[in-house]
Amino acid sequence: MQSTLAPPLQLAKIPTYIYAVVFSSLCIVWGLLWDIMWHMSIGRDGLFAPPHLLMYIGAVVAGLFSGFKILQLTFARMNPERAASVRFWGVFYGSLGAMYCVWGALTMLTSAPFDDWWHNTYGLDVQILTPPHTVLLIGMMTVQFGAMIGVLALQNRFSQNLSMNESETDPTAQRLKVMFTISAGLLLSILYTMLAEKMGSWASHHSSSYITMSIAFPFYLLAVGRASSLRYPITITAAAYMLTMLIPSWILPLFPATPRLGPVLNPITHYQPFVFPLLLIAPGFVLDKLLHRFGNGRLNDWLLAALTGTVFVLVISPVQWYFGGFLHTSPNAQNWFFLSSSMSYDTDPTWPYHYKFHPHWLEPLPDFLKGIGIALVCAILSARIGLLWGNWMKRVQR
């Protein structure tokens, strides 16, 4: 399957299905966050619970619009966009992003009856990553990756056909650049949500949290930074991720919610918000600056990975150390904006360590420094993989 080269093609406008799949990606993230807050506040849900429906809407919209685009290119042989598409199964033609979206949507919709059967057979979940939830998560991330790649291919094709000055001023080209960083921020939101339990405010003083960050984020952020032609793509991606995470947590607590599952240790009356996200915007801004200064071949990619990976750890460690302490212990964080007053219905409100550190969370300094050393190595390797992936993404045009 050829996915990196395409003949020159000047597009008059952005196809409707691109807007549709980015919208679907947003529905999927917000549906997942709503589902988490539903479990924190209400507990019991069903196959057609509102958060599930929002996720299914995202899957259906992505699948239908992408599927229609594939069929349109398959049967309309004279369509000029067909030359810039990927052929698969020897019959169908479509963009790489559309194919990912179709497969992701089918996977998500398959997980729904599977999850219902699982609950009817085994009862309530005792862990997050049950087999049906794993299938759902794979489908969600595949749809979101398809949305990101779909926008990216169009961005790259526009860049190929426009001069540098035209690319900076053309409104469609600029819109595609922004849509790419937004779609990247939406996928980053899912990635963070998967790992949030290991990186919460209570874990900010433990090196394992920074090891997790160093494995997960440098490769993704640097890939986006290298693939995008915006001036501050990593910063915008991090800002999009933060807003995506925060908006549901700011809005849903305005609505009532009553626990339906015991034991109810904390008799809440409204939705409880999710956690405040990591401040990835801080290292993101610094990484953008480093890519401006040392990217584009000015520095060997291994040296650039060593520099960016090291800087990522040196920035995120103090930022999250102090911010995590603020979130966990400061009365100024226990409000609507910073979300630290959130407490699920099955949490004992008399537990003494809600707003102060448990002694076991304070890792001994030698162990912490050893963990930071491991995080540095992980961040450098992660950054190198990200630069490699970003080089591939820069060439995607189908």
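The crossing of helix 9 and helix 10 is right-handed; a crossing counts as right-handed if the near helix is turned clockwise from the far one by less than a right angle, and as left-handed if anticlockwise. The model is predicted, with local features requiring pLDDT of at least 70 and side-chain atom pairs pLDDT 80 or more, while totals for chains, interfaces and linings use all residues. Residues are numbered from 1 along each chain as its sequence is written, and side-chain values use heavy atoms, without hydrogens and water.

Helices are DSSP runs (H or I, at least four residues) numbered from the N terminus. Axes are lines fitted to C-alpha atoms over the stretch in contact, and angles run from 0 to 180 degrees between N-to-C directions.

| Helix pair | Angle | Axis separation |
|---|---|---|
| Helix 9 and helix 10 (301-329) | about 155° | 9 Å |
| Helix 7 and helix 8 (233-251) | roughly 125° | within 8 Å |
| Helix 7 and helix 10 | about 125° | 10 Å |

Angles under 35 degrees count as roughly parallel, over 145 as roughly antiparallel, 65 to 115 as roughly perpendicular and the rest as oblique. Helix 9 and helix 10 are therefore roughly antiparallel. Their contact (heavy atoms within 4.5 Å) involves A282, P283, V286, L287, L290, L291 and F294 on helix 9, and L304, L307, T308, V311, F312, V315, I316 and V319 on helix 10. This contact comprises 14 nonpolar residues, 1 polar residue and no charged residues. In this classification, Ala, Val, Leu, Ile, Met, Phe, Trp, Tyr, Cys and Pro are nonpolar, Asp, Glu, Lys and Arg are charged, and the others, Gly among them, are polar.

Helix 7 is oblique to helix 10, and the crossing of this pair is right-handed. On helix 7, Y210, M213, S214, F217, P218, L221, L222 and R226 meet D301, L304, T308, F312, V313, I316, S317, Q320 and W321 of helix 10. The contact has 11 nonpolar, 4 polar and 2 charged residues.

Helix 7 also crosses helix 8 in a right-handed sense. Here L221, L222, V224 and G225 of helix 7 touch P233, I234 and T237 of helix 8, giving 5 nonpolar, 2 polar and no charged residues.

The second largest pocket has 16 lining residues, with G225, S228, L291, H292 and N296 nearest its centre. Helix 7 (207-227), helix 9 (281-294) and helix 11 (365-395) each give two or more residues to this lining, and helix 9 supplies the largest share, 3 residues. By class, the lining has 3 nonpolar, 8 polar and 5 charged residues. A pocket is an open set of points on a 1 Å grid over the protein atoms alone where a 1.4 Å probe fits, with protein on both sides within 12 Å along at least five of seven lines; lining residues have an atom within 4 Å of a point. The volume of the second largest pocket is about 350 Å³, taken as the space filled by probe spheres set on the points, which are joined across faces, edges and corners.
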